[in-house]
Amino acid sequence: MKHGLKLICSLVFAVSVSNTQTIAQDSFDNAIKARKSVMALYAWNLGQLGAMAKGEADYNAEAAATAAENIRILATMNNGAAWPQGSDSTALPGKTRAKVEAWTTYPESAELNKSLATAAIAMAEVAGNGLENVQANIGAIGSACSACHDKFRESQ
Ligand code: HEC
């Protein structure tokens, strides 16, 4: 918690605001918004690959390579600052679905992110070389997403 607060304070620009509670709250809101945005971009790009894999959309090598590359980039970015301590669903019910266990069992969540990165790198290498490659690699990505959600995301 101490570390989390220090991080939050270093990120806050409005130094003149005297109410620390307000600072922490606003900063958590932005952090939560940022990490949900990363997740939305995962879903958006994976959705395009999924539609091709299922035959709901025509395979397009360039579009497939782009979506796969986007997922690879997202999975290898360091967005740790968007997960400050204290921004969990126990502390902030209704604002976030990130379970407190993501922090208390750390680095387990980071390991699960690494599994996603591994699967995303494999997909990005071949997604532009044929539909069969998208189909062969998409399961590993979906499983990596689910493995983390099953453990560290509230179901609702
Ligand atoms: C390392 C853990 C982890 C991995 C890997 C992961 N997620 Fe998430 N995801 C979470 C957590 C935790 C939340 C809840 C975030 C919150 O509410 O603050 C979440 C939330 C989401 C949401 C809801 C976002 C919102 O607006 O509330 C979507 C959609 C999502 N993830 C999609 C994905 C997809 C698709 C993948 C794989 C490409 C993925 N996630 C990989 C942990 C993960």
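Mentor: An oxygen atom of the ligand lies 2.9 Å from an N or O atom in the side chain of Arg35, a polar contact being a pair of N or O atoms within 3.5 Å. This is a predicted model, in which local features need pLDDT of at least 70, side-chain atom pairs count only at pLDDT 80 or more, and totals for chains, interfaces and linings use all residues. Residues are numbered from 1 along each chain as its sequence is written, and side-chain values use heavy atoms, with hydrogens and water left out.

Trainee: How many residues surround the ligand?

Mentor: There are 18, counted when a heavy atom lies within 4 Å of the ligand. The closest are Met39, Thr96, Cys145, Cys148 and His149.

Trainee: Changing topic, which residues form an aromatic pair?

Mentor: Trp83 and Trp103 do, 6.3 Å centre to centre and tilted, with 50° between the planes. Rings of Phe, Tyr and Trp (its six-membered ring) pair if their centres lie within 6.5 Å; planes under 30 degrees apart are stacked, over 60 edge-to-face, and the rest tilted.

Trainee: Is Trp103 buried or exposed?

Mentor: Trp103 is buried, at 18% relative accessibility, whereas Trp83 is partly exposed at 33%. Buried means under 20% relative accessible area, exposed over 50%, and partly exposed in between (1.4 Å probe, protein chains only).

Key. Polar contact = N/O pair within 3.5 Å; in protein donor to acceptor, adjacent residues only side chain to side chain.
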